[in-house]
Amino acid sequence: MEYPRFAARPVGKVIHSIYRDRLETFIQPGQYEKQNLLSSLYKSRVGEPVLKLSVWSAPDLSRPTFAEAISQSFKPTGTGASFGPGWSTHWFRLEICLPPTLQGEQDLELHWEASCEGMVWTEAGHPLQGLSGDGERIEWRLPASVQDGAAHIFYLEMACNGMFGLGKGARNQPPDPDRYFTLQTAEIVAVNREARALLFDFTTIADAARQFPQQSWEAHKALQVGNAIIEAFTAGAGSDAAIQDARAIAREFLGDKIDSEDVYDAEEAEEQLVYAIGHCHIDTCWLWPWEETKRKVARSWSNQCDLMDRYPEHRFTASSAQQFKWLKEYYPSVYARVMDKIRLGSFQPIGGSWVEHDTNMPSGESLVRQFLHGQRFFEQEFGRRSTTFWLPDTFGYTAQLPQLCRLAGMSRFITQKLSWNNINNFPHTTFNWVALDGSQVLCHMPPSETYNAEAQLAELVNSVDQHKSLDQDPSSVLIFGKGDGGGGPTFQQIESLRRLRGLGERTSLIPRVHHGRSVDHFFEQLEGKAAAGKTEFVTWYGELYFELHRGTYTTQAATKWNNRKAEIFMHDLEYVAALASVKQAQYSYPKAQIDSLWEDLLLCQFHDCLPGSCIRMCYDDSDKLYSQLFATGQHLMDTALGVLGIRTSETSSPATRALNTLPWPRRELVKVAEEYALISSDGLGIASIQRPASPSVTVAEVRPGVFELANERYKLEIENGAIISLLDVKINRQVLAKGGKANQFVIFDDKPLYRQAWDVEVYHLTSRKELPGGVSAIAEQGPYRASIVTKTVISERSWLVSTISLSAAIDDESPCIQIDTEVEWREDMKFLKVEFDVAVTNTEASYDTQYGVVKRPTHYNTQWDMAKFEVCCHKWADLSENGYGVSVLNDSKYGFATCGHLMRLSLLRSPKAPDACADMGRHHVRYAIFPHQGPLDSRTVRAGYNFNNPMRLVTATESHMLNDITITGNPSLVLDTIKRGEDDEDVSLGGIAARKGQSLILRVFESLGGQASGIIKTSLPVVDVWKCNILEDDEEKLEFRTGEINIALRAFEVATFRLQL
């Protein structure tokens, strides 16, 4: 054919920017929505009389059951009506009777928009699907049964809260309890299936036209195809035929398999790059209370079961044993549906922990119990344990997590929170994370940098562009679905993934995505590649410090106090109850009650609750749980002690003793009936009480306003509440820096960039202001203890009273300088800390962490160093140099900083969101200064335990009770837990095969970072000894001879031993 000789007409160049902008007009509401694709999405919409509504409003913010609700009297209602206030519940009765014009329509939906959450129920009381509101998941597909034209009844439970609670003006603000919600839409809609499919097609194509490199042929092609679709639709006036023509154009670009799961059947490349995993992150409490979370779980997981019925490729993963347990208890029919999907492999439990917990502040034993209770639930309910620890949204990750994961049967870890770092960019995507003891897990941080992906083109591009481990392996996980407030993946997202896969088969500009596999499959291919020698993953040693949310170490001080005290109480209760159960046949070990107490404590360690980033309602709930834990636990403790002939006592008598629940000798002064007595304990068990030796503590005003406290070890000078001199008399060393002070209270302006409860920014340090103390006075002047008290005015609304106490020195033991501070705190956006300026030089400080010590810089050499301007510690922080050091102990605080030689303990914050009254009120704080000659060693470790575990007074006729177990050898070994075996036949609760006989579990760890050997000695009738994992699976049989077990631990190892009796 001859090319035309003459030009038929002028043809201009496509102006890309204009034609790109045109794409938006085809799917946007506004001036063209009656002519563009939106006008064709629905064939018809009808309300009354096809849909008749009536309502019953539950009283007093109650959340009644289905049976309670439907027994009430319902009143007619309709669109335009308002419902509230916030947190109230309203039940709607829906009567649907289809007219002949709608009978036979294949795609009928209920559209319901009230800007709040809801759940659709059958007339028989089975939940069907959740509704989210505010334009998200407002549709419910009607079942085929309604096609008969008869009247069908359904119920809809309305929760007067949005997906993110009731924040007033912004998501993270305190809730607005007076908020009302208007029912804007309630109608039956006939969906134009092909028009909706075209919307998905076009959205993907338009995204490609905008987001592909503008000089690429793929971007040009996408722009041409998108505009061709508009032209075809417009030429056919939006008719069904025009829509079919437009879809045919789209398939030329996306492929012809995009309408089904067959799109994933294309021949696989050698490496699958992106694994799309559906997920629904549901914060167990945050901007809503636990009671609402229970409903969120039912709504969200019902949604996913429905999507699995509609989309065979859909795979959904869910964590948190607590949420599964709630679903089983409160929504048994939904749980049965979930279990069916689990058996089919579509619904995939993951995580192996009780909740998605904080990892900074829970004790080591609490972390163990998160895994123990979580994995046991998974094993009982699903027949398998999790191999992947799933924790996408926690605010930093303690250095011992990899070891505990491996001991809990998990070799893999997924998170992504470090992508939020606001100073440094974490350098890895897929890597081996190594614990303090050398244990490792294979860790993956999705490069899309979210656990709430929308399944959009940009996220797939980010999965490559932001992948930091491409040298090792280019594959990654895309965690998609509506999250935080629940909901999970939507059908729109699943449709989008199909089209993105189709597009990925035709261009290399986006990775090929696969939907239909599991997290386990992803890790298996990584492990297989490493095993075959095809790659070697890089390593990261130690903690994964999160460079944000540093304020969570301090916010909600009462919750942190409760957590520390509850952990210690559970330690003591299990020790006493375990020994009582193996020593007294008539005593029945209260396994169910102890498990319940642990589950409550573990629930309160959820990663918004314990860190302090929830609304006030959540802390009202957790306060009740803690109160119940202490009350119930004390009853169990008294019962266990009682069967041993021991009872708690606060009075003095010839039979008064003390109970030491720590595994080393202790000699301490305590006050008994207004007199001081010396408790002398050789280790675990009942300790004797005797009159102390000659007094050796003095107090005097040595200069006007300056007081001296002195004993055989220390001489302190105190002025206006601050220690201005601290002399170690034994070696004549000044502990404080020249001109420095200890117990100096300071206050900072505390206005982070955005998240008040979560964050404290580095710039707050420049606002430091010393609080001048008032006049000091002698508070106690006894022969064995002396104290100086000082009141400090913080502001017109706030004050503190600080009491510095020194006890008589006992033998060669180093006493603490104890400080008790009472604070009336009524500040706005201020941060209260106390400083200790010591004469010690080191570029690193040491901090107590779970089962070990973590070292952090005391300087700001690099941005990585500076980023740790506020860190987490547990019972103590220590700054030591060659030959000397100072430890600061505390009984309930977690925030700390060491800058040069200035040590700073964080006490109280006062954020106003999301809890407007966070930390307001009265607080009692205990901390202590513990100078020590020589390096950091077991003295500080034990001092921290002693300070947190005061011996309790009891009445007992014998002094040898409860001393059946001791540990000797290297003092760095800590016997941290004594409990009963989970599956002993006399305590087993079923679900997992019971073991014959009785056993005790002993958990020992090496605390200082070196190999250590020791001997566990016991007088109990032990038959066999096994070293096991933290799930109590026997792994190695140990020799037991003449009541002794020789043990050897590597540095920072956590070892568990099972003593079969």
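Which side chain makes a polar contact with the side chain of T555? R909 does, at 2.8 Å; a polar contact is a pair of N or O atoms within 3.5 Å, one able to donate a hydrogen and the other to accept it, with residues adjacent in sequence counting only if both atoms are side-chain atoms.

## Ground rules

This is a predicted model, where local features need pLDDT of at least 70 and side-chain atom pairs pLDDT 80 or more, while totals for chains, interfaces and linings use all residues. Residues are numbered from 1 along each chain, and side-chain values use heavy atoms, leaving out hydrogens and water.

## Around T555

T555 sits in the loop between strand 22 (539-541) and helix 14 (DSSP runs numbered from the N terminus: H or I of at least four residues for helices, E of at least two for strands). T555 counts as buried because its relative accessibility is 0% (buried is under 20%, exposed over 50%, partly exposed in between, with a 1.4 Å probe and protein chains only).

The T555 side chain also has a polar atom 2.9 Å from the backbone oxygen of A757. Setting aside residues up to four places away in sequence, T555 touches K560, P611, G612, A757, R909, P911 and D919 (heavy atoms within 4.5 Å).

## The cores

The largest nonpolar core has 181 residues, with W112, W301 and F324 touching the most other members. Such a core is a set of buried Ala, Val, Leu, Ile, Met, Phe, Trp, Tyr and Cys residues joined through side-chain atoms within 4.5 Å. Helix 14 (residues 557-583) gives the most to this core, 11 residues. Apart from it lies another core of 55 residues, including M361 and I747.
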